[in-house]
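Thanks for coming, everyone. Please have the viewer open while I talk.

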Amino acid sequence: MRGRAAEIRIVFGEETRRNLSSGAYLIFTLAIPVLLVAGIWLVPVIVDIFQDDEPAAVVGFERLGFVDNSGMFADLEGETGPSRYQDVDAGVAAVRNDEIDSFFVIPADYPENREIDQYHRFTGVFGFGGEEGRFNAALTGSIVGEQLDSETLSLAFNPAFYRNLDVQADGSIEEPDPTAVRVGEFIVPLLFIGLLAISIQVGVGSMVQSVSDEKENKLVELVITSISPLSVVMGKLLSLGAIGLVQAAVWVIAAFITVPLMFDGIEDAGDLTVSVGTGAALLGSFIAAYFLSIVLGIFVGAVSSSARAASRNAPLIALVPWIPLWLLGLLINQPDGTVIKALTYFPFTAGPAIMMRLAVGSEITGTEIILSLTGVVVLGLAMLWVSARIFRAAILMSGQSFTMRHLIAALRHAD
Amino acid sequence: MAQEQILQVDNLTKIYGVGSRSVVDTLSNLVPGGTARGRRVVDDVSFHVNRGEIFGFLGPNGSGKTTTIRMSLGIIRPDGGSVSILGGEPVRARLQQVGYLPQETGLPRKGKMLDAIRYLARLKGLSFGEAERRAGELLERTGLYEHRYDKVDALSGGMRQMVQFIVATIHDPDFLILDEPFAGLDPLSTQLMKQMLNERVEAGATIMFSTHIMSDVEEMCERVALIDRGRLLLFGGLDEIKSSYGATSLQVDAAGIPDELGGLAAGNGSDGTIEFPLDGEYSAERVLKAYADSGIAVDRFEKLLPSLNEIFIEEVTRARKSG
């Protein structure tokens, strides 16, 4: 008699063939790399739109103007700016003619209330280009300039150059990671989160459909008189698992090639490198979360009364892992708070919670990650066992609700 | 010497809950024991199928044929009684030697016909290559080869039925169980399927098929079982069953009809064959005596046994009247 491995191999082959021959898989797998390649051209263009036209050239007090009604700033005007205007109309004309970006009206009662009107053309998304800060510096220089020598004035404007030192958990002191690594430690988990979101959505949808199709096809009578339900479930799981992971691997490789190119010309974007520990935690979280989700897909597909009901339920499963994302504000402010830690240990949200905590620089430990992911895997295996036990009964109940009572009965009397 | 029994069904019982499609119904369907207060859809049914025969399993719609077949294959579990198939319980190792054509179409609808056949053949133990080769042969034989890359969804009902037949026979099973195999088939396809079934029997296979079309049974089967409302009404050899009912009419080849029998003759064929229905008043002996008394010569006479269709209607009607 043929062994279980051979049975699983047959179902695995059939499921893989069905998924790959649908065309949607290949299109979807290649769509992300294509979008990423497009991003190599698009991202710099978008970044450019959000940046000032000539950000590097604007230094000092250029393109600033003022009207002084207080009489306190006789020497505020400099050779390179700010420029003095006689009245508001003259300032407005200068702004309209693009001679300056902003001009400021210093009122007669300035010493009492310090209220200054800023006139500016509010264009673009953000509108401002830091003009207030630069004009403040000009005012400061004018107010204290007469009382300080030039060296002291320079110190006042640039009082220190800082060196950062990172206090480790064990009390040792280290140079912090270079900017490139820090960016990577933020961006790469975010990329993984995005990939996991898509993979879970697609994987769960495919699994639920695959299982519920068994009901619609009425194929189950032939299948279960030939092979065991566990072989059917395992074959489907391994097939969709392998397909999903291959798809994710293609996306990760494409992202690692294209994303650095997208940010190549952008200052401080870095090389998107991550530490080995972070990389391993991300990979482990991805695989564990994906595994649990598609096992849940088998269960939901089996207990749903029809393919239509199953397709309604599938998006709900895919939403559960994203509870940590809904709590993003809390996650950023308290990445090691009680709520976020609880989500880390709740198997259905553990994977994304770990990824998000890694992204926002939480102090999550390796032990915490291992414990959490162990819980995910154990629950996944338990769900797999339950799904295989109830599979025959649940699939035969096409068009009928599968209640808790049925679940218990099916578990007790499974093959 | 007793014949080897391929399928032995003893006191098989299945109880569904009150009202179809109820929760209890479903639960009872899935687990042994079911519910104590339910409808007996199969009630203490016993019969057996001998090796090498074509066995007809008859009954009106909803009589419990499919439920009995499903229990025989271990798809659903009985609430009482036992099943022995190929010498033991219906476990998967034994069922690998069984070919099954379910009443409802059981094919992956979105897939191509050839892929579906190959997959189901592989589940029955054929290698990829064997499955491909056998599928090709059977598709050629059934005239479906040119449709092998068509989606199952795109096939007609008759074509799908033929594909299911291919799936049931592709692994050369020892025992074929076919639930309404001729449903939806045109006469040519029906003829072809019957021919292929006879070839399978000649090759040593055993066949049991359910139907409510009596002519198919009379044409193919030597033994039958008839159930209605879950209860076994008849079981045995077809000739034996018919004989037990006695003759329903007398066919006579003669030059004329005696005056005494003038109003009785049911038919007067152009070839001189006359048929007299028999009942309590007119026996075969009385008809022949009337001929002898009239002096009309009789060339041939034959007692006609009832058709299976007549027996079916009579038995089911009687059973329903008696409640």
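**Backbone, rings and a surface patch**

B:Leu86 is partly exposed, with a relative accessible area of 21%. For that term, buried means under 20% relative accessible area, exposed means over 50%, and partly exposed is in between, with a 1.4 Å probe and protein chains only. B:Leu86 is not a glycine, yet its phi is positive, about 50 degrees. The residue sits in the loop between strand E4 (80-85) and helix H3 (92-95) of chain B. Helices (H or I, at least four residues) and strands (E, at least two) are DSSP runs, numbered from the N terminus.

Now the ground rules. This is a predicted model: local features need pLDDT of at least 70, side-chain atom pairs count only at pLDDT 80 or more, and totals for chains, interfaces and linings use all residues. Residues are numbered from 1 along each chain as its sequence is written, chains are lettered from A and ligands numbered from 1 in the order in which they are written, and side-chain values use heavy atoms, with hydrogens and water left out.

Back to phi. Most residues other than glycine have a negative phi. B:Asn11 has a positive one, near 50 degrees. B:Asn11 lies in strand E1 (residues 5-17) of chain B. Its relative accessible area is 41%, so B:Asn11 is partly exposed. B:Gly74 also has a positive phi, near 75 degrees, and follows H2(B). How many of the eight residues of helix H2 (residues 65-72) of chain B are buried? Seven, so to speak: the helix is mostly covered. Among them are B:Lys65, B:Ile69 and B:Met71.

Next, aromatics. Rings of Phe, Tyr and Trp (its six-membered ring) pair if their centres lie within 6.5 Å; planes under 30 degrees apart are stacked, over 60 edge-to-face, and the rest tilted. That rule gives 14 aromatic pairs over all chains. Take B:Phe47 and B:Phe55: their ring centres are 5.6 Å apart and their planes at 10 degrees, so the pair is stacked. B:Phe47 is buried, at 1% relative accessibility. B:Phe55 is buried too, at 0%.

Now B:Phe182 and B:Phe209. Their centres are 5.6 Å apart with planes at 75 degrees, so this pair is edge-to-face. B:Phe182 lies in the loop between strand E6 (175-179) and helix H7 (187-202) of chain B, and B:Phe209 in strand E7 (residues 206-211) of chain B, so the pair ties together parts 27 residues apart in sequence. Both B:Phe182 and B:Phe209 are buried.

Ring pairs link B:Phe47, B:Phe55, B:Phe57 and B:Phe235.

Charges over rings come next (NZ of Lys or CZ of Arg within 6 Å of the ring centre and within 35 degrees of the ring normal). B:Lys194 lies over the face of B:Phe182, 5.4 Å from the ring centre. B:Arg286 lies over the face of B:Tyr282, at 4.3 Å.

Over to chain A. An automatic or database domain assignment sets the bounds. Chain A is divided into domain 1 (7-44 + 179-413) and domain 2 (64-160). Taken over C-alpha atoms, 56 Å separate the centres of domain 1 and domain 2 of chain A.

That's my tour. Questions, please.
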